[in-house]
Amino acid sequence: MIGVLCAAANAVRPMGTLLIIVLGISEVVRVIRSREGEKLNFTGFVPFAAFLIAYFSFVNLTGMYISHKIGYKAAKNPIGFSTYVGTNINSGGAWNPGDAGVFLDLMKQEPFDAQKVHDRLIDMTIQRVKSQGTDNLKLIFDKNKTMWGRDDEVVTYMIYGSGEEASSLLNVKGREWPLRYICNFYYCMIVILAFKGLLGQYRKEVSPIVMALLLLFLGIGALHTVVEVHGRYHYSAMVVFSILAGTNYLEKYI
């Protein structure tokens, strides 16, 4: 079931692939940490193998279904556009109409091949990175600032989603800045508590769960340092922050 859910999530964002990497590293570390002379327990690989089988099976089924519905073969590695956008210094690695136009022009070429379009964008990405030189360092800083600097995107979407005649118990437009302040205050408190919880866990023997959480967080950050970035893309990391923040109270209440 977890494999199927990760495959479904991967159809929207590449989180499923990241989870596979994190779980794989965790399993390898578990084996390496086994004591000398102790018989290794490989039964732990059984659920991981089942996870991989379910994940890749559902990924292929999803790709076949999409290809059938649209009448074209879906790309197996559709990361070209997101990576191309993520290296645009002028847009700070965020979506922009210029890169979107390039993508649409490539899609209009005949014969159409979705994977070749993404492969072409990967080649263009490499050339762009080479031409930007040391400016790529500033791009990385700007992208991480966008990714982790604030957490009030929900207010923006609420404003855009409420029309002039929309009725609501909460006047979002009239209370925009107080709402943004509340969102960012909550976000900062969670980050502070997560950092405190991380320090507390670091003083102890690092558990496989904490290690997996750290790998997941680092993976999310590394992934979006390369691909397209947006403030809301850190939402998946909030799960990690919340669990680490909760470890501050683990011994107190359990």
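Of the 254 residues of the protein chain, 34% count as buried, meaning under 20% relative accessible area with a 1.4 Å probe, protein chains only. This is a predicted model, in which local features need pLDDT of at least 70, side-chain atom pairs count only at pLDDT 80 or more, and totals for chains, interfaces and linings use all residues. Residues are numbered from 1 along each chain as its sequence is written, and side-chain values use heavy atoms, with hydrogens and water left out.

The protein chain has twelve helices and zero strands; these are DSSP runs, H or I of at least four residues for helices and E of at least two for strands, numbered from the N terminus.

Let me turn to Thr87. This residue sits in the loop between helix 4 (80-86) and helix 5 (97-107). Thr87 counts as buried because its relative accessibility is 8%. A polar atom of the Thr87 side chain lies 2.9 Å from the backbone oxygen of Tyr84. Beyond its neighbours within four places in sequence, Thr87 is in contact (heavy atoms within 4.5 Å) with residues including Thr125, Arg128 and Val226.

Next, a helix pair. Helix 10 (residues 208-226) and helix 11 (residues 235-246) pack at an angle of about 150°, their axes 10 Å apart; axes are lines fitted to C-alpha atoms over the stretch in contact, and angles run from 0 to 180 degrees between N-to-C directions. From helix 10, Leu213, Leu216, Phe217 and Ile220 meet residues of helix 11, among them Val240, Phe241 and Leu244.

Note on methods: Buried means under 20% relative accessible area, exposed over 50%, partly exposed in between (1.4 Å probe, protein chains only). A polar contact is a pair of N or O atoms within 3.5 Å; within protein, one must be able to donate a hydrogen and the other to accept it, and residues adjacent in sequence count only if both atoms are side-chain atoms.
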